[in-house]
Amino acid sequence: MPVELPGTVRPQGRLGFHPSKSGGSVKVLLSEDELAAGIARLASEISERYRELPLTVVGVLTGSIVLLADLIRMIEVPMRLGVLQARSYRGTTTHPGKLEVNPDLMPEVRNRHVLLVDDILDTGRTLSQLVIQMHDMGAMSVRTAVLLRKRGRQQAPLEPDFVGFEIPNEFVVGYGLDYNDYYRNLPYVAAMESADLEAAKT
Ligand code: XMP
């Protein structure tokens, strides 16, 4: 579903800091209200799909934690929750980096109907490899849900089953998404200007 862009705004104070280090405006792509409405829709689609099936939600750390907290409280079917930690190593264009999954955090998925939940689908490599791993670990079925899907970036052939919002090809932060581990606590999703990406490095 295409996202209405509310335009460039200057978020005010309730977090006590301005997310733009360069002091410029921040482009809010998804406000708190828009996120809440999108997540309610996702939860209702998920509840409908798993009405007859016992559900195991598996969140991909760390970006999905804010989404997970809001989403699972609106899912209206019995469910279990697990998390996993995945890190992809940088590869070349022709040889994508390998995905390393922390085995200590892996939930039990054998004979379970698994819903993988991630913050954003970019190239699609992370989720497509995780789907294979869940099947290898004996999951009975594996579906995927993402809050955001970036337009024009996907390389891996994966069609997510549940998508919150489609967004333009911009680097986004907030609502769990980070830049250098900062900004996860912003209650909205904002696109970072290139000046801010530079400023945040310092
Ligand atoms: P792939 O390319 O495997 O990547 O679909 C998914 C992971 O890449 C990270 N990612 C982002 N993180 N803002 C972020 O904070 C972004 O715009 C962005 N694009 C990709 C994220 O960790 C995601 O799980």
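## Strand pairing at β6

His113 has Ser141 of β7 as its bridge partner. This is a predicted model. The two strands, β6 and β7 (residues 141-150), run parallel and share 8 bridges.

## The sheet

β6 and β7 belong to an open sheet of 6 strands. The order is β5-β4-β3-β6-β7-β8, and the pairing is mixed. At the edges stand β5 (99-101) and β8 (162-167). Each has a single partner strand, so one side of each is left without a neighbour in the sheet. On average, neighbouring strands are turned by 30 degrees against each other, with direction ignored.

## Helices on the sheet

Helix α1 (residues 32-49) packs on this sheet. Its contacts are β3 (55-61), β6, β7 and β8. The direction of α1 makes about 150 degrees with that of β8.

## The ligand site

The ligand is surrounded by 15 residues. The closest are Thr123, Gly124, Thr126, Val172 and Asp178. By class, the shell holds 5 nonpolar, 3 polar and 7 charged residues.

The side chain of Thr123 places an N or O atom 2.4 Å from a ligand oxygen. For Asp178, a backbone N or O atom lies 2.7 Å from an oxygen of the ligand. Arg125 also uses its backbone, with an N or O atom 3.4 Å from a ligand oxygen. Taken alone, the ligand exposes 500 Å², and the protein buries 81% of that.

Which elements give two or more residues to this shell? They are β6 (113-121) and α3 (125-136). β6 gives the most, with 4 residues.

Most residues other than glycine have a negative phi, and most peptide bonds are trans. Two places in this model depart from that pattern.

A cis peptide bond joins Leu61 and Thr62, with omega about 0 degrees. Thr62 sits in the loop between β3 and α2 (65-72).

Tyr175 has a positive phi, near 50 degrees, though this residue is not glycine. Tyr175 is placed in the loop between β9 (172-173) and β10 (189-191).

Methods:
Residues are numbered from 1 along each chain as its sequence is written. This is a predicted model: local features need pLDDT of at least 70, side-chain atom pairs count only at pLDDT 80 or more; totals for chains, interfaces and linings use all residues. Side-chain values use heavy atoms; hydrogens and water are left out. A residue is near a molecule or strand if one of its heavy atoms lies within 4 Å of it. A polar contact is a pair of N or O atoms within 3.5 Å; within protein, one must be able to donate a hydrogen and the other to accept it, and residues adjacent in sequence count only if both atoms are side-chain atoms. Accessible areas come from the Shrake-Rupley method with a 1.4 Å probe; for residues, only the protein chains shown count as cover. Ala, Val, Leu, Ile, Met, Phe, Trp, Tyr, Cys and Pro count as nonpolar, Asp, Glu, Lys and Arg as charged, and the others, Gly among them, as polar. Two strands pair if DSSP finds at least two bridges between them. Axes are lines fitted to C-alpha atoms, for helices over the stretch in contact, and angles run from 0 to 180 degrees between N-to-C directions. Contact means heavy atoms within 4.5 Å.
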